[in-house]
Amino acid sequence: FTISIKQAPCGVESKCMAALFGGIEGGGTKFVCALGSGPDDIRAETRFPTTTPEETLGKAIAFFREQQALHGMLSAIGVASFGPLDPNPVSVTFGHILPTPKPGWANADIVRPLQEAFALPVGFDTDVNGAALAESRWGAGQGCDPVVYLTIGTGIGGGVLVNGRLLHGLLHPEMGHIPLPHDLERDPFPGVCPFHLDCFEGLAAGPALEKRWGQRGETLPPDHPAWDLEAHYIALALSSFIVTLSPQIIILGGGVAQQAHMLPLIRQKVQQQLSGYVQSPYVNEWIDQYIVLPGLGQRAGVLGALALAQQATEQG
């Protein structure tokens, strides 16, 4: 394969003077690397398949070295990665991917090779936490706090920003693995999660749709009963997040949420599920502006990596 690089000449003096950051969106199938300072200032970008950690990180390092020669020194690098991972800077496994079914990536050290190559601050977090940060800075979450960002696709993951900071605890939020009420009479499907079977991800992620109905979600027509059941499970999860995290906005990314008919159905079912208990106009009157699609679209991931790089410099 070849590495494709998109170059954007710096034609505005203020952009040329801006601090430069490197961002790595680390996905299970591909890595996306970008150089810039925000959504309106991307100087260069490349993407390549995810292979071994050594080969994949080597390509990222080579890209940033080449771009530094063209555009100037980076101030920091941010990595928004698939997980599970360790984002705790004082942990002995900080910067590592934790045990994962992705072959060759369990316990892989992501941060140290970048620190050794560039001697720069490296921000490291989940892809969904990065997306939550980017949406808070530049997208649909501007002016809102807390912000919940949820992606529903091949898997289900969530990121949360509270008081201007990404939420961490034991590790990072695993919002796709909350248990949900499962009516086995209505839905006898056992679920697909290898750990919990019928958790949120096990019932509502893309692979669950495909296995339950025998075809991929994007091939199902809008009036298929799959979508009413899918909206039901998503609404159950969102209602739980609303009453526990009390977000001022919920942003839904991922392929499932992009189905044009899904968002109105999810909003309706959230209101039904909450049954008037949450007395807020955001839920009762302005829900069209409360449960929304990403303002940054499919760019939330790589822009999240740039936001993590910026945050690494802000936090010293």
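1. Two strands pair if DSSP finds at least two bridges between them. In this predicted model, strand 5 (residues 76-81) and strand 6 run parallel and are joined by five bridges. Within that pair, Ile-77 stands opposite Val-122 of strand 6. Strand 6 covers residues 122-126, and five of its five residues are buried.

2. There is also an open sheet of five strands, with the order 9-8-7-10-11 and mixed pairing. Its edges are strand 9 (165-166) and strand 11 (291-292), each of which pairs on one side only. Inside the sheet, six bridges hold strand 7 (residues 147-152) and strand 8 (residues 156-162) together in the antiparallel sense. As an example, Tyr-149 has Gly-159 in strand 8 as its bridge partner.

3. Glu-135 deserves a separate look. This residue sits in helix 4 (residues 127-138). Glu-135 is buried but has no salt bridge, and the nearest side chain of opposite charge, that of Arg-299, is 10 Å away. A salt bridge requires a distance within 4 Å. What does the side chain of Glu-135 reach at 2.7 Å? It reaches the backbone nitrogen of Ala-140. Leaving aside residues up to four places away in sequence, Glu-135 touches several others, among them Tyr-149, Ile-251, Pro-294 and Ala-300.

4. Helix 6 (residues 206-213) has buried residues at Ala-208, Leu-209 and Arg-212. Why do they line one face of the helix? Seen down the axis of helix 6, the buried residues fall within an arc of 100 degrees, so they line one face. An α-helix has 3.6 residues a turn, so residues three or four places apart point the same way. The cover over the buried residues of helix 6 includes helix 5 (200-204) and helix 7 (225-245). Just after helix 6 comes Gly-214, with a positive phi of about 80 degrees.

5. Thr-50 is a loop residue, placed between strand 4 (41-49) and helix 2 (53-71). Is Thr-50 buried or exposed? Thr-50 is buried, because its relative accessible area is 10% and the cut-off for buried is under 20%. A polar atom of the Thr-50 side chain lies 3.0 Å from the backbone nitrogen of Lys-30. Beyond residues up to four places away in sequence, Thr-50 touches residues including Gly-27, Gly-28, Phe-31, Lys-102 and Trp-105.

6. The loops hold some backbone details to check. Gly-83 and Pro-84 are joined by a cis peptide bond, with omega about 5 degrees; Pro-84 is in the loop between strand 5 and helix 3 (111-118). A cis peptide bond also joins Asp-145 and Pro-146, with omega about 5 degrees, and Pro-146 is in the loop between helix 4 and strand 7. Asn-107, a residue other than glycine, has a positive phi near 70 degrees and is found in the loop between strand 5 and helix 3. Ser-275 has a positive phi near 55 degrees and is located in the loop between helix 8 (262-274) and helix 9 (281-284). With a relative accessible area of 61%, Ser-275 is exposed.

7. How many salt bridges does the count come to? The count is 11. One of them joins the side chains of Glu-314 and Arg-137 (2.7 Å, N to O). This pair links distant parts of the chain, with Glu-314 in helix 11 (residues 300-314) and Arg-137 in helix 4, 177 residues apart. Glu-314 counts as exposed at 53% relative accessibility, while Arg-137 is partly exposed at 24%.

8. Asp-228 and Arg-186 also meet in a salt bridge (3.0 Å, N to O). Asp-228 is in helix 7 and Arg-186 is in the loop between strand 9 and helix 5, 42 residues apart. Both ends are partly exposed: Asp-228 at 32% and Arg-186 at 42%.

9. A further salt bridge joins Arg-267 and Asp-288 (3.6 Å, N to O). Arg-267 lies in helix 8 and Asp-288 in helix 10 (residues 287-290), so the pair ties together parts that are 21 residues apart in sequence. Arg-267 is buried at 12%, whereas Asp-288 is exposed at 53%.

Notes: Residues are numbered from 1 along each chain as its sequence is written. Side-chain values use heavy atoms; hydrogens and water are left out. Helices (H or I, at least four residues) and strands (E, at least two) are DSSP runs, numbered from the N terminus. Buried means under 20% relative accessible area, exposed over 50%, partly exposed in between (1.4 Å probe, protein chains only). Lys and Arg count as positive and Asp and Glu as negative; His and the chain ends are not counted. A polar contact is a pair of N or O atoms within 3.5 Å; within protein, one must be able to donate a hydrogen and the other to accept it, and residues adjacent in sequence count only if both atoms are side-chain atoms. Contact means heavy atoms within 4.5 Å. The arc is that of the directions from the helix axis to the C-beta atoms.
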